[in-house]
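User: I'd like to go through the labels on this one and see what each of them rests on. Can you take me through them?

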Amino acid sequence: MINPDLPEYVRTMVQGDYAASVAVEARLDAAGWDGFPRFLAALFFLAVDRRFGAAARPGEVIMFVAELRASLSEGGPVIDVEAAEALILTTIDPSADYSASQEMIGRIQAATIQKVLTDDDLTDAELDALLAEAVEFAQRD
């Protein structure tokens, strides 16, 4: 089961509404972050597919990760470059391989999602649709 506040939490982060984000985060802390890893993984997959499609070249991923790291240099989470590139490439090409800690995977997923969805400047309706798709995807068995 995916906690219904999870999509709202992502929405507040993408829209830069940090006051609302803190409120949603408090609700999640109280109720539990049920389904967060599955939701994050589903949304990461959709964000990577949205950004790169099925035919991205490694150079495109390298440039994206460089831009991602530059955007995080002002107090964002530290991510491992090689792990980020490998994780994104594995999403595009499942035969690729990667190795990273669960904590690093979560950091990479969250940072990638925020960058892709922020860069795309989605309308509310587009963001709603994408978040709903991620919830549906995450709830599949």
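Predicted model: local features only at pLDDT ≥ 70, side-chain atom pairs only at ≥ 80, totals over all residues.

User: Why is helix 3 called roughly perpendicular to helix 5?

Analyst: The axes of helix 3 (residues 36-52) and helix 5 (residues 81-92) cross at roughly 80 degrees and come within 10 Å. Roughly perpendicular means 65 to 115 degrees (under 35 is roughly parallel, over 145 roughly antiparallel, the rest oblique), so helix 3 gets that label against helix 5.

User: What makes up the contact of helix 3 with helix 5?

Analyst: From helix 3 come F44, F45, V48 and F52, which meet L87, I88, T91 and I92 of helix 5; contact here is heavy atoms within 4.5 Å. The residues of this contact divide into seven nonpolar, one polar and no charged.

User: And why is helix 5 roughly perpendicular to helix 6?

Analyst: Their axes come within 10 Å and cross at roughly 70 degrees, so helix 5 is roughly perpendicular to helix 6. A83, A84, L87 and I88 of helix 5 meet M104, I105, I108, Q109 and T112 of helix 6. By class, that contact has seven nonpolar, two polar and no charged residues.

User: What makes helix 5 mostly covered?

Analyst: Nine of its 12 residues are buried, and buried means under 20% relative accessible area (exposed is over 50%, partly exposed in between; 1.4 Å probe, protein chains only). Among the buried ones are E85, T90 and I92. The cover includes helix 3, helix 4 (58-72) and helix 6 (102-119).

User: Which residue caps the N-terminal end of helix 5?

Analyst: D80 does, with a side-chain oxygen 3.2 Å from the backbone nitrogen of E82.

User: Why does D5 count as buried?

Analyst: D5, in helix 1 (residues 5-14), has 17% relative accessibility, so D5 counts as buried.

User: What joins the side chains of D5 and R27?

Analyst: A polar contact of 3.0 Å. The term covers a pair of N or O atoms within 3.5 Å; within protein, one must be able to donate a hydrogen and the other to accept it, and residues adjacent in sequence count only if both atoms are side-chain atoms. Not counting residues up to four places away in sequence, D5 touches V24, R27 and L28.

How values were computed. Residues numbered from 1 in each chain as written. Heavy atoms only, no water. Axes fitted to C-alpha atoms, helices over the stretch in contact; angles between N-to-C directions. Helix = DSSP H or I, 4+ residues; strand = E, 2+ residues; numbered from the N terminus. Nonpolar A, V, L, I, M, F, W, Y, C, P; charged D, E, K, R; others polar.
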